[in-house]
Amino acid sequence: MFVEIGMGVDLHGQDVTKAAVRAVRNAIERNSMPGMRALVDGDTSRMLVHVRLAVPADAERLDVGAVRAVFPYGQVTVEVGPGGMLAPSGIHLADKGDTSEMMYVVNAAVEVGI
């Protein structure tokens, strides 16, 4: 029914979860699906939400629960694969939690159906 693409970046701190949550929010934050309630007979827990994340590094540190928490309704599954991008931010800021000057770019595809 619905497929949206998003991108999220953590500029400092190398937090893959922060970048993934931003990518998912970017994919869904400007969308509304008012007809979905009718399709699920008012029971939004019946919505199926599948999230595909392209993660450049630290996939084992990804908090999938934090990604799921972005969605107020539905049965949410999260699939994590390689992708995204590591790129230099141009500066290492220890006071921002940086362990390097790399920024993490995560891509998300969000599919919603019944």
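A salt bridge is counted here where a side-chain nitrogen of Lys or Arg lies within 4 Å of a carboxyl oxygen of Asp or Glu, and the structure, which is a predicted model, holds 6 salt bridges.

**View 1. Arg52, Glu79 and Glu111 are linked in a network of salt bridges.** Side chains of opposite charge can pair when their charged atoms come close. The side chain of Arg52 meets that of Glu79 at 3.2 Å, N to O, and this pair links distant parts of the chain, with Glu79 in strand S3 and Arg52 in strand S2, 27 residues apart. Arg52 also forms a salt bridge with Glu111, where the closest N and O atoms are 2.6 Å apart; because Arg52 lies in strand S2 and Glu111 in strand S5, this pair ties together parts that are 59 residues apart in sequence. Arg52 is partly exposed, with a relative accessible area of 37%, Glu79 counts as partly exposed at 36%, and Glu111 is partly exposed at 25%.

**View 2. Asp41 and Arg46 meet through their side chains in a salt bridge.** The N to O distance for Asp41 and Arg46 is 3.5 Å. Asp41 has a relative accessibility of 66% and so counts as exposed, the cut-off for that class being over 50%, whereas Arg46, with a relative accessible area of 38%, is partly exposed.

**View 3. The largest nonpolar core has 28 residues.** Those with the most contacts inside this core are Val24, Val51, Leu53, Val67, Phe71 and Val110. At least two core residues come from each of helix H1 (16-28), strand S2 (48-55), strand S3 (75-82) and strand S5 (102-113), and H1 gives the most, with 8 residues. Leaving aside residues up to four places away in sequence, Val110 touches Phe2, Val3, Glu4, Val24, Ala27, Ile28, Val49, His50, Val51 and Phe71.

**View 4. The largest pocket holds about 300 Å³ of space.** Of the 15 residues that line this pocket, Asn31, Met33, Met47, Pro72 and Tyr73 are the closest to its centre. Helix H2 (36-39) and strand S5 are the elements that give two or more residues to the lining. Sorted by class, the lining of the largest pocket has 11 nonpolar, 3 polar and 1 charged residues.

Notes
Residues numbered from 1 in each chain as written. Predicted model: local features only at pLDDT ≥ 70, side-chain atom pairs only at ≥ 80, totals over all residues. Heavy atoms only, no water. Core = buried A, V, L, I, M, F, W, Y, C linked by side-chain atoms within 4.5 Å. Buried < 20%, exposed > 50% of the residue type's maximum accessible area, 1.4 Å probe, protein only. Helix = DSSP H or I, 4+ residues; strand = E, 2+ residues; numbered from the N terminus. Contact = heavy atoms within 4.5 Å. 1 Å grid on protein atoms, 1.4 Å probe; cavity = no way out; pocket = protein on both sides within 12 Å on 5 of 7 lines; lining within 4 Å. Points joined across faces, edges and corners; volume = space filled by probe spheres on them. Nonpolar A, V, L, I, M, F, W, Y, C, P; charged D, E, K, R; others polar.
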